[in-house]
Amino acid sequence: NSYKSRRSSDRSSYGESAELYVVAERARRFFQWLATQSSSSSPRHVVVCSHAAFYRCLWNFGHHGDDGVPLQVTQSLDDRPIKENIPVVSYRTLDGNEQERLAFASSMQKDFANCEMRSLTIAFK
């Protein structure tokens, strides 16, 4: 069922913001697809353009408290029987430095400014 058919006319339950786990699942599927596009013999550079709400969910979902996504609306469309919010990403550094890992996670989890771009390297297991 589309969220449009299940939402109320109240703007606080509008769109995917009212069921962030769906956005997180879409981000997981994107990373799964992206992993199939990479090859160790030919490094790839990929540019991803999206909106701040998607990135907010991608980098934060499941990391802080119950939902991890700051500034969210009530999850009025979340009809999962078990509401387990599994993070989409894990933050790591090449050398395992915990202080650098926390700084990187913090920089990725903050809200995006208008027209802001961020660069990162993604490693697939």
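A pocket here is an open set of grid points with protein on both sides within 12 Å along at least five of seven lines. With that in hand, here are some close-up views of this predicted model.

**View 1. The second largest pocket and its lining.** About 820 Å³ of space lies in this pocket. Its lining is made up of 20 residues, and Ser90, Arg92, Thr121, Ile122 and Ala123 are the closest to the pocket's centre. Two elements, helix H2 (20-37) and helix H4 (98-109), each give two or more residues to the lining. The largest share comes from H2, with 3 residues. Sorted by type, the lining holds 12 nonpolar, 4 polar and 4 charged residues.

**View 2. Arg29 on helix H2.** Look for Arg29 in helix H2. Arg29 counts as partly exposed because its relative accessibility is 48%, and partly exposed covers the range between under 20% (buried) and over 50% (exposed). Now find Val88: its C-alpha is 9.9 Å from that of Arg29, although the two are 59 residues apart in sequence.

**View 3. The largest nonpolar core.** Val88 turns up again here, as one of the residues with the most contacts inside this core of 19 residues. H2, helix H3 (52-60) and H4 each give two or more residues to the core, and H2 gives the most, with 7 residues.

**View 4. Trp59 and its contacts.** Setting aside neighbours within four places in sequence, you can trace contacts from Trp59 to Val89, Tyr91, Met108, Gln109, Phe112 and Leu120.

Definitions and conventions. Residues are numbered from 1 along each chain as its sequence is written. This is a predicted model: local features need pLDDT of at least 70, side-chain atom pairs count only at pLDDT 80 or more; totals for chains, interfaces and linings use all residues. Side-chain values use heavy atoms; hydrogens and water are left out. On a 1 Å grid over the protein atoms alone, a cavity is a set of points where a 1.4 Å probe fits but cannot get out, and a pocket is an open set with protein on both sides within 12 Å along at least five of seven lines; lining residues have an atom within 4 Å of a point. Grid points are joined across faces, edges and corners, and a volume is the space filled by probe spheres set on the points. Helices (H or I, at least four residues) and strands (E, at least two) are DSSP runs, numbered from the N terminus. Ala, Val, Leu, Ile, Met, Phe, Trp, Tyr, Cys and Pro count as nonpolar, Asp, Glu, Lys and Arg as charged, and the others, Gly among them, as polar. Buried means under 20% relative accessible area, exposed over 50%, partly exposed in between (1.4 Å probe, protein chains only). A nonpolar core is a set of buried Ala, Val, Leu, Ile, Met, Phe, Trp, Tyr and Cys residues joined through side-chain atoms within 4.5 Å. Contact means heavy atoms within 4.5 Å.
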